[in-house]
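Biologist: I'd like to learn how to read a structure feature by feature. Please show it to me, and I'll start with a simple question.

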Amino acid sequence: MATDAPHAEIGIIGGTGLYDLPGLEQREEVKLTTPYGEPGDALVTGVLSGCRVVFVPRHGRGHRLMPHEIPARANLYALKMMGVERVVSVSAVGSLREELEPGHVVVPDQIFDRTRGTRPSSFFGDGLVVHVSLADPYCPQLRGELVGAARRAAGTAVHDSGTYVCMEGPQFSTRAESRLYRQWGLGIIGMTALPEAKLAREAELCYATLALVTDYDCWREGGEDVTAEMVSEVLSRNAAAAQRTLTALLESLPSARECPCGSALEGAIVTAPDVVPQETRDRTRLLIGRYMDWDDEPGTPG
Ligand SMILES: [Zn+2]
């Protein structure tokens, strides 16, 4: 489905500490409205390493949105409207393992959900049932490319796997929670990987996370407990590593996707096409229209 939105190949979602991409050339602000509301802020399109990129400040400019207030569906749908196929999410995280030190880069390969189920985490529903696989929540190809780029350009240690536990927040963990997550074998902790990863899969977008360790959460005996002030010191160093990594990634990323992400909805749609209500069809047509054989005239998505 064609949209009037400007075109971009790659979406970059910037988290805490990364509110802009200074290297972005030919910048243009884009304001889009989606059937799922408005993105958290104006998106910024431009060119980085020769690629058409769109940047999404996850928490809004000036960091105005709590993790549970981020309009993730609108953010991801807006990227889909622009023709984006791949999304790199940049996240500040706490470390649950001694070897994942503050200032290190982690490219996680798994996610553990500790959100409270109140964040809208699907584009579907309202008469349309879809069950996508989330066994491997990250795109294997994009993840591999991201690890390579980080090794070349981040200028710090790079860990090529680890489980990201997504907690609800906005408060940091209690010591009991932090110790339990360690016993469960989890690697890093943050507040924003979900529902982003679920929505990216439903939108058939490749998704990978560049996680930058800011602190040791609060499990570590003898260590200082994490405060927002300590975190902000490491953040600026990490932001520079993220920018170098993203620039290197886009220089070397093959343009063709060689991964299953682009057909994630194949076999996942349970509902018979002809019983899906008109309003739901109009809202989801951009995402699943090519599977549904709907011959009605599209109305106005709303
Ligand atoms: Zn992929």
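Biologist: What is the relative accessible area of Glu 85, and how should I label that residue?

Modeller: First, a word on the ground rules. This is a predicted model, so local features need pLDDT of at least 70 and side-chain atom pairs count only at pLDDT 80 or more, while totals for chains, interfaces and linings use all residues. Residues are numbered from 1 along each chain as its sequence is written, and side-chain values use heavy atoms, with hydrogens and water left out. As for the labels, buried means under 20% relative accessible area, exposed means over 50%, and partly exposed is in between (1.4 Å probe, protein chains only). Glu 85 has a relative accessible area of 39%, which means that it is partly exposed.

Biologist: Which residue forms a salt bridge with Glu 85?

Modeller: The general idea is that side chains of opposite charge can pair when their charged atoms come close. The rule here asks for a side-chain nitrogen of Lys or Arg within 4 Å of a carboxyl oxygen of Asp or Glu. Glu 85 is paired with Arg 257, and their closest N and O atoms are 3.5 Å apart. Arg 257 sits in the loop between helix 5 (228-252) and helix 6, and Glu 85 in the loop between helix 1 and strand 5, so the bridge ties together parts that are 172 residues apart in sequence. Arg 257 is also partly exposed, at 24% relative accessibility. The elements I name are DSSP runs numbered from the N terminus: helices are H or I with at least four residues, strands are E with at least two.

Biologist: How many salt bridges does a search of the whole structure find?

Modeller: The search finds 12. One of them joins Arg 61 to Asp 41, with 2.9 Å between the closest N and O atoms. Arg 61 is in the loop between strand 4 and helix 1, whereas Asp 41 is in the loop between strand 2 (25-30) and strand 3 (43-48), so this pair ties together parts 20 residues apart in sequence. Arg 61 is partly exposed at 32%, and a network of salt bridges links Asp 41, Arg 61 and Arg 64.

Biologist: Is Glu 204 buried or exposed, and what does it pair with?

Modeller: Glu 204 is buried, with a relative accessible area of 3%. Its salt-bridge partner is Arg 290, the closest N and O atoms being 2.9 Å apart. This pair links distant parts of the chain, 86 residues apart: Arg 290 in helix 6 and Glu 204 in the loop between helix 4 and strand 11. Arg 290, at 59% relative accessibility, counts as exposed.

Biologist: Which atoms are the protein donors of the zinc ion?

Modeller: Donors are N, O and S atoms within 2.8 Å of the metal (3.2 Å for Na, K and Ca), and water is not among the atoms, so sites may look incomplete. Here the protein donors are the SG atoms of Cys 139, Cys 206, Cys 259 and Cys 261, lying 2.3 Å from the zinc ion. Their spacing along the chain is C-x66-C-x52-C-x1-C. Cys 139 is buried at 1%, Cys 206 is buried at 1%, and Cys 261 is buried at 3%.

Biologist: Why is the arrangement around the zinc ion called tetrahedral?

Modeller: Four donors count as tetrahedral if all angles lie between 85 and 135 degrees; four count as square planar and six as octahedral if opposite donors are over 155 degrees apart and all others between 65 and 115, and anything else is irregular. The 4 donor atoms around this zinc ion subtend angles of 99 to 114 degrees, which makes the arrangement tetrahedral.

Biologist: How many disulfides does the count come to?

Modeller: A disulfide is a covalent bond between the sulfur atoms of two cysteines. With the rule of a pair of cysteine sulfur atoms within 2.5 Å, the count comes to 0.

Biologist: Which residues touch the most other members of the largest nonpolar core?

Modeller: A nonpolar core is a set of buried Ala, Val, Leu, Ile, Met, Phe, Trp, Tyr and Cys residues joined through side-chain atoms within 4.5 Å. In the largest one, with 49 residues, Phe 123 and Ile 288 touch the most other members. Elements giving two or more residues to this core include helix 1 (72-81), helix 4 (193-202) and helix 6 (278-292). Helix 1 provides the largest share, 6 residues. A second, separate core has 37 residues, among them Val 90, Val 107, Ala 149 and Leu 253.
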